[in-house]
Amino acid sequence: MATATKLLLTDLMSGVNHVPSNYVRPISDRPNLRDVQISDASSIPLIDLKDLHGHNHSNIIKQIGLACQTDGFFQVKNHGVPEEMIKDMSSIARKFFKLPESERLKMYSDDPSKTTRLSTSFNVRTEKLSNWRDFLRLHCYPLEDYVQEWPNNPPSFREQVGEYCTSVRGLVLRLLGAISESLGLEKNYIVEALGKQGQHMALNYYPPCPEPELTYGLPGHTDCNLITILLQDDVPGLQVLRNGKWVAVNPIPNTFIVNIGDMMQVISNDKYKSVLHRAVVNCNSERISIPTFYCPSPDAVVGPAKDLISHDQPAMYRNFTYAEYFEKFWNRGLATECCLDLFKPN
């Protein structure tokens, strides 16, 4: 029974041909993969950012606003992050998870407050059921505050991941300006509401699963942050809840998936929706996904934008600090019901 002492799923599953009992979901809470719709071109909007600062500016702002309001998810192309950088990021993530167990475990921690850590599932300290993933979580803004904590193996990890983080942050700031405008706010409103800002990323590794119908990579959840920029490899796994049905969002090369987080729903006073999504696994292929989470600084006070509060649309949330929200979100686990309900006005 030596496998029981393994800290990471990757090592636990070496040579095992069934899903351990602590990963098996109750029958009522299984992925039901046969009922999932496959996304087509019209399912999740694909927005071309090429002319975001050009002659097509107002049309792109409208597209972004409509996607935030009706879908909570959209995809972007011509986003300004170089294709070679995206390839390097995907490659270095794969190399990290292929390192020997002893090398990877140098980064291991089950403490969610650590700013750099390798772990498994979601929050192993509090959860009763495990999720079929290992992950490396990194804080990455300001970069110079954190990069020395990051892995130095593979040798180019810090340099390549640092360049990627900086480039994606540029994309985030362009999108936040556009989303502010789409709400009828000043272009800098959202960025200025975030305090010093925070940027985290996760390198998610989903090993092949012998019985994918029994478990999740991550169950349905919303993101607690402001906005998430997701890089997927070419293996499907992301699913989004639309009109009560789970829709598979199949990867399109050299695009990012953007989703609205809980803090954006608050700032928009419920105009824009933070949408349930999940990760499923498969029995044939490993999958890597790399979300970048952009969020307020812990001491930033978050609440609906004053210009979006009126007699007809009163404030849907009380003001709170991001630290207060983050703690509740993390400790309650990936519950299907949104954590935002705890922050309604009294």
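**Sheet notes**

I began with strand E4 (residues 116-120), which pairs with E5 in the antiparallel sense over five bridges; strands (E, at least two residues) and helices (H or I, at least four) are DSSP runs numbered from the N terminus, and two strands pair if DSSP finds at least two bridges between them. Within this pairing I found Leu 118 opposite Leu 136 in E5.

The model is predicted, with local features needing pLDDT of at least 70 and side-chain atom pairs counting only at pLDDT 80 or more, while totals for chains, interfaces and linings use all residues. Residues are numbered from 1 along each chain as its sequence is written, and side-chain values use heavy atoms, leaving out hydrogens and water.

I then followed E5 to strand E6 (residues 198-206), to which seven bridges join it in antiparallel fashion, and noted that Tyr 141 has Gln 199 as its bridge partner in E6. Seven of the eight residues of E5 (residues 134-141) are buried, so this strand is largely enclosed by the rest of the structure; buried means under 20% relative accessible area, with exposed over 50% and partly exposed in between (1.4 Å probe, protein chains only).

Which strand order does the open sheet have? I read E2-E3-E11-E8-E13-E6-E5-E4, eight strands with mixed pairing. Strand E2 (46-48) and E4 stand at the edges with a single partner strand each, so one side of each is left without a neighbour in the sheet.

I also checked strand E3 (residues 73-77), which four bridges join to strand E11 (residues 256-260), the two running antiparallel, with Gln 75 opposite Ile 257 in E11.
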